[in-house]
Amino acid sequence: MGYTQKVAVIGAGISGLACAYRLKQLGVPCLVLEARERPGGVISTIRRNGFLFETGPQCPRFPQSVWQLVRDLNLETEFVAGDPGVKRYILRSGRLHRAPFSPAGLLGTRLLGLGSKLRILTEVFRSSRPPLNEETLADFVQRKFGAEVLDYLVDPLISTVFFGDAHKMGMESAFPAMVEWERERGSVARGALRARNSKRQAANADASPRQAGMNRNSDALRVTDALPSLGSFRTGMGMLPEKLAAELQPGIHYGSAIAAIDRSRNENGKTETEWKIRLTNGENIAAEHLILAVPAYVAAELLANTAPRLAAPLQAIEYAPVFALGSAYDRSQVVNPLDGFGFMVPRREGFETICTFWNSSLFPGRAPEGKVVMTSFAGRNLR
């Protein structure tokens with residue numbers, strides 16, 4: 001038997017690294033086991049010939065918990081903020097239309113017909129109740145606003161943000177607040193306005209008079225304004241896992257693929273609390289506690305013999321089969337002005353492409369002078 005660890009973390013993706021780093025802050029020793037030869041999981045940055053390609057998240061949002069991690073790692077000066085109000089586009093019939101994230105944008109968009117616009121804008125004056133059984137996001141949107149809104153507003157957003165399928169996402173699981181607003185107020189818009197006013201009143205109660213005035217003057221209900229700050233790092237998203245991994249050395253073992261995990265047993269065959277981890281190279285490691293920071297299907301495979309009742313629901317979790325394609329061009333080859341975030345593709349358009357990010361328009365240093373870089377995500381029909 002190998003050495004005993006207090007905690008063993010399997011997987012050096014961002015979740016496993018962040019967990020191990022927090023344990024280190026708390027004074028809890030742990031060992032991270034990673035099958036690959038690098039940290040980061042899906043987060044990886046390829047730097048080549050002056051170009052910077054991201055294989056995973058392109059411009060993620062940084063909520064408070066992630067900001068705290070950035071500060072702890074002293075990476076604030078490396079952070080590059082993205083513009084939350086930058087233009088986003090949606091493809092329809094071969095043309096890019098600016099995504100409408102405000103009432104004014106909704107009125108002017110050609111993505112939707114007049115009937116669909118009216119159904120959205122008049123929802124505040126109507127009353128409805130959600131069904132007793134949980135409905136899918138697609139069912140909800142069709143019931144409230146119609147198929148066109150689902151196809152050309154909701155579907156491209158959900159596909160891009162979650163790589164999900166609105167026909168498979170449960171409303172109460174994914175958007176419980178919207179279900180509650182309709183249930184309590186009879187209208188999603190009325191419920192959202194009431195929740196917004198309650199938050200503003202609570203904030204104003206603790207704010208200075210000047211700040212309260214600023215809150216009153218920012219009444220435009222914009223989707224992007226309510227989201228946490230988005231951004232990246234000067235040398236790419238790979239900097240975050242790379243920095244975490246450096247802080248955790250020598251507690252990360254790369255090339256450590258797991259062959260099996262089991263619970264230790266005493267001489268009488270009774271299961272003990274300790275975990276036994278066997279690597280594919282034959283090494284055995286014992287740990288008091290075990291953290292599986294791996295995809296659900298990998299965790300299910302590892303737990304199949306030890307905890308079959310847990311493995312079964314993990315195996316049932318579905319993953320989106322998506323791949324990323326980075327491409328670089330001379331600026332003169334691209335007719336589009338690339339004045340924004342990128343564009344989203346509704347599945348109704350019939351393309352494999354889900355979305356394309358204009359990386360060199362989002363952040364500096366992504367491409368040499370006179371060049372552009374963009375990343376497309378595709379794989380919608382690979383299931």
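Which residue in E7 is the bridge partner of Arg-92? The partner is Arg-95. This is a predicted model, so local features need pLDDT of at least 70 and side-chain atom pairs pLDDT 80 or more, while totals for chains, interfaces and linings use all residues. Residues are numbered from 1 along each chain as its sequence is written, and side-chain values use heavy atoms, leaving out hydrogens and water. Helices (H or I, at least four residues) and strands (E, at least two) are DSSP runs, numbered from the N terminus.

**The sheet**

- Six strands form an open sheet in the order E7-E6-E14-E15-E16-E13, with mixed pairing.
- Its edge strands are E7 and E13, and each pairs on one side only; pairing takes at least two DSSP bridges between two strands.
- Neighbouring strands of this sheet are turned by 30° against each other on average, direction ignored.
- E6 and E7 run antiparallel and are joined by four bridges.
- Helix H6 (residues 147-162) lies across E6, E14 and strand E15 (353-357), and runs at about 130° to E6.
- Axes here are lines fitted to C-alpha atoms, for helices over the stretch in contact, and angles run from 0 to 180 degrees between N-to-C directions.

**Backbone exceptions**

- Ser-93 sits in the loop between strand E6 (88-92) and strand E7 (95-98).
- Phi of Ser-93 is near 55°, positive in a residue other than glycine.
- Ser-93 is exposed, with a relative accessible area of 63%; the classes are buried under 20%, exposed over 50% and partly exposed in between (1.4 Å probe, protein chains only).
- Leu-338 also is not a glycine, and has a positive phi of about 55°.
- The loop between strand E13 (323-330) and strand E14 (342-344) holds Leu-338.
- Leu-338 counts as buried, at 6% relative accessibility.
- Gln-249 and Pro-250 are joined by a cis peptide bond, with omega about 5°.
- Pro-250 lies in the loop between helix H11 (239-248) and strand E9 (252-253).

**Glu-135**

- Glu-135 is in the loop between helix H4 (114-121) and helix H5 (137-145).
- Glu-135 is buried because its relative accessibility is 12%.
- The side chains of Glu-135 and Arg-143 make a polar contact of 2.6 Å.
- A polar contact is a pair of N or O atoms within 3.5 Å; within protein, one must be able to donate a hydrogen and the other to accept it, and residues adjacent in sequence count only if both atoms are side-chain atoms.
- Beyond neighbours within four places in sequence, Glu-135 is in contact (heavy atoms within 4.5 Å) with Phe-140, Arg-143, Met-169, Gly-170 and Met-171.
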